[in-house]
Amino acid sequence: MARVLKILRSFWFNLLAIALGVAIGLLSPEAGKSLRLVGQLYLSLLTMTVLPIVFSAITHGVGQLLRSGQFKKCLGYLLVVFAVGIFLGSTLGLMAGVFGKPGSDLKKAELKQLGSLILSAKTQHPAADGHADELQGFLHQLVPRNVFRAFVDGRSLAVILLSILMGIALGTNRSKPSDHLLETMRGIYETFFRIMGWILYGLPLGLCCIIADYVATVGAPILLVLLKLIILFYSGCLVLCLVYLCVMRFITGRTFGTILSSLKDALLLAFVASNSMVAMPMAMQGLEENLQQQRKVVELVVPLATAMNRHGYPLLFALVTVYVSQAYGHSLGFLGLLQVCFASAFVGMASVGPAASVAPMAAVVISLAGLPTELGIVALVETSAVVTPMVAMTHLFGSCATATIVSTIEKHQEGDSGEDRTG
């Protein structure tokens, strides 16, 4: 029995399940679509454990760091790493667009197809002009009117804000009830982590159903028109992931193989499920158990970075803006590119959800560059199914790299403090 369970959690068995899903989607699209319900139910099972894990992990992590006197230092390091990450993403997006030229030399047939999509987008996606509403919606997502409703609706940003505030309250209140509640948070974290471990034995079935449905429903014609844009985006994300990997190799001293082995299941799940939050607990486990990163830092940084330090969207928004400028024959110039870089970084960091749902946020960046927004929205909506998986995987990998950097700095600071006290 133990051997069977080990096989079910095997990375290669999961890859076999994905290959089976691809075969089902290609050979029998109807069968692939019929598996959608099973895939969605499995994702719901995973998702139900994520918010309790996020809430308890951040609350416990903030409380522990405050009591150890390291919270301010950790927060300072975190902000610096966050800033470097988002600007690295937007800069790579600009470079991919400028040198890759995805919007230049479009053929007449491609322009005609894009034109028809833009005309339909004006009626199907009226949110193109609702930039202010979209930004206000983000703020409403961040600050909940009802704490319990935030959990019910799955509003991760609101839950994270509540977790930070509760962790600060517990960390600054030195009393027995607060001590017990802080330990209770740890117990909640471990309990839901164990539940997720049970659910993960069904991961091969879930992956097979999700992939079969995806392959059966994705539309090919428009993807061919936007193929160069998609290839450049994937290339930029792979460069980002390579940077993350090299940074983690340098910081931890572990081999590339060890790092990838520790995170491969989490990254695979994030890609297939197109959801970095769902795979986040697995990534935290890999960082703590296999890479020996500090638990209190990992529990705080990974959820925060996964929800609020998204590197994939800054890259995507910058790339799409350059694509639109080239398609309309508009030269951005150095100052225009600099503006796009900053706007993509800040707006992309605040974007949550699949590429189609954040299209109005991308329209904010495009409009700031003085360009029509419809083509950018069409590009994001039509490529969402292909782009979002890579966005999710990049976000998760970036969160792991961020946690590794902050954890290592904290470890060195603790070591230096210990040496000073000894001396």
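**Ground rules.** I number residues from 1 along each chain as its sequence is written, and I use heavy atoms for side-chain values, leaving out hydrogens and water. Because the model is predicted, local features need pLDDT of at least 70 and side-chain atom pairs count only at pLDDT 80 or more, while totals for chains, interfaces and linings use all residues.

**Helix pair.** I looked up helix 17 (residues 312–327) and helix 18 (residues 333–349), which pack at an angle of about 140 degrees with axes 8 Å apart. Helices here are DSSP runs (H or I, at least four residues), numbered from the N terminus. Axes are lines fitted to C-alpha atoms over the stretch in contact, with angles from 0 to 180 degrees between N-to-C directions. The two helices are therefore oblique to each other; that word covers angles left after roughly parallel (under 35 degrees), roughly antiparallel (over 145) and roughly perpendicular (65 to 115).

**Core.** I found 108 residues in the largest nonpolar core, and Phe 233 and Phe 317 are among those touching the most other members. Such a core is a set of buried Ala, Val, Leu, Ile, Met, Phe, Trp, Tyr and Cys residues joined through side-chain atoms within 4.5 Å.

**Thr 306.** I placed Thr 306 in helix 16 (residues 295–308). Thr 306 is buried, at a relative accessible area of 0% (buried is under 20%, with a 1.4 Å probe and protein chains only). Beyond neighbours within four places in sequence, its contacts (heavy atoms within 4.5 Å) include Met 277 and Leu 396.

Key:
Buried means under 20% relative accessible area, exposed over 50%, partly exposed in between (1.4 Å probe, protein chains only).
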